[in-house]
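Work through these exercises with the sequence and the 3D view open. Try each task before you read its solution.

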Amino acid sequence: MIRSVGKLGPLKVSWLVCQQMRWDLLAIVVVAAALIPIPDPTQIDYAAAVLSVLGIGASVFIGFRNTTAYNRWWEARTLWGNIIINSRATHNTLCSVDSGAPEMTPILDRMRRRQVRYSWQLAAELRGVTPVPGVVELTPEDPADATAVDLMTRQAVDIQALSAAGSIDNQARVMLMSVNTALVSAQSGLERIRNEPIPLQYEIFIRSLAWFFAVMAFSRLDGSAHPYAGVVIGLLLMVVFIGAERLGHFIETPMSNSIFDIAMYRFCSVISGNLLGAGHPLAQPREGPKATIWM
């Protein structure tokens, strides 16, 4: 997640975004340079009206696509908020059912450690990377290759074991399973966002429309009575429309292991601190508070 921090924050953010768009910006310059010496065929009476209608259409489609992309980003952020809430609820519920019996202590401790491992494992799976060092070691009782789904299933098995041993009553079992179910529901929502992107054909249409309008507008402005000003304004217009389309593309995949991701590792650090204590190594943020990018 890119953040604006400090007096130079806006410049740093702009530089990072430009780096991600470097090939698009290069393509804009190349296309503009190729169009400048070409006679403009659009200098006809109704060209301005056609271009206005095309601009309105391009704005509507790009705006709709970017709104949809932001909604996907925000939904993912909300679901991760649910992961944090329900992880804390798991910890609180475990504290409430802890009777201090010796046979309960190792199970409750394992469930807390497993809950932390689950959050880190889920973040790694959503990004398609291996978990950060120290995550697998949280629960040596579980297989090293256990998935997030496996870890939640093992939590349910431990809840059943506590109930079967008479350590918790039926009400406590329902409370723990309700939190477990809420975590699984949030995970399913996150996996849906990751696995079901915006249809490729629609993305190609929006990008083609943005480029077509940008090229047509630049060609029109290039042939104006003020060629130098027309070229500058045309370039800015191309950057604005194509840049807006690209930004929508970047944020519509909020778990793609890029700088536009939501800060999942930050969320996992918060969960680690809540359940295992602020001094635990995994509870320490991987980036400083003044970092421009939080992963």
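**Exercise 1.** Which residues does Thr90 touch, not counting residues up to four places away in sequence?

Solution. Before the steps, note the source. This is a predicted model, in which local features need pLDDT of at least 70 and side-chain atom pairs count only at pLDDT 80 or more, while totals for chains, interfaces and linings use all residues. Residues are numbered from 1 along each chain as its sequence is written, and side-chain values use heavy atoms, with hydrogens and water left out.

Step 1. Find Thr90 in helix α3. Helices are DSSP runs of H or I with at least four residues, numbered from the N terminus.
Step 2. Look for contacts, meaning heavy atoms within 4.5 Å. Thr90 touches Gln115, Val179 and Leu183.
Step 3. Check the accessibility. Thr90 counts as buried because its relative accessibility is 7%. The classes are buried under 20% relative accessible area, exposed over 50%, and partly exposed in between, with a 1.4 Å probe and protein chains only.

**Exercise 2.** Are α4 and α6 roughly parallel or antiparallel to each other?

Solution. 
Step 1. Recall how such a pair is described. Two packed helices are described by the angle between their axes and the distance between the axes.
Step 2. Read both values. The axes of α4 (residues 105–127) and α6 (residues 170–195) come within 11 Å and cross at roughly 10°. Axes are lines fitted to C-alpha atoms, for helices over the stretch in contact, and angles run from 0 to 180 degrees between N-to-C directions.
Step 3. Apply the cut-offs. Angles under 35 degrees count as roughly parallel, over 145 as roughly antiparallel, 65 to 115 as roughly perpendicular and the rest as oblique. So α4 and α6 are roughly parallel.
Step 4. List the contact. From α4 come Gln115, Tyr118, Leu122, Glu125 and Leu126; from α6 come Leu183, Gln187, Leu190, Glu191 and Arg194.
Step 5. Sort the residues of this contact of α4 with α6: five are nonpolar, two polar and three charged. Here Ala, Val, Leu, Ile, Met, Phe, Trp, Tyr, Cys and Pro count as nonpolar, Asp, Glu, Lys and Arg as charged, and the others, Gly among them, as polar.

**Exercise 3.** How do the axes of α4 and α9 run?

Solution. 
Step 1. The axes of α4 and α9 come within 9 Å and cross at roughly 175°.
Step 2. Therefore α4 and α9 are roughly antiparallel to each other.
Step 3. Among the residues of this contact are Val116, Trp120 and Ala123 of α4, and Tyr265, Cys268 and Leu275 of α9.
Step 4. The contact of α4 with α9 divides into 10 nonpolar, four polar and three charged residues.

**Exercise 4.** Now describe the pair α5 and α6.

Solution. 
Step 1. Helix α5 covers residues 148–164, and its axis comes within 10 Å of that of α6, crossing at roughly 175°.
Step 2. Therefore α5 and α6 are roughly antiparallel.
Step 3. Residues that meet include Met152, Ala156 and Ile159 in α5, and Leu176, Leu183 and Val184 in α6.
Step 4. The contact of α5 with α6 has nine nonpolar residues, five polar and one charged.

**Exercise 5.** Are Thr139 and Val132 buried or exposed?

Solution. 
Step 1. Thr139 lies in the loop between α4 and α5. Val132 lies in the loop between α4 and α5.
Step 2. Thr139 has 0% relative accessibility, so it counts as buried. Val132 has 8%, so it counts as buried.
Step 3. Leaving aside neighbours within four places in sequence, Thr139 is in contact with Arg110, Arg113, Arg114 and Arg117.
Step 4. Not counting residues up to four places away in sequence, Val132 touches Trp120, Tyr265, Leu282 and Arg286.

Notes. Helices (H or I, at least four residues) and strands (E, at least two) are DSSP runs, numbered from the N terminus.
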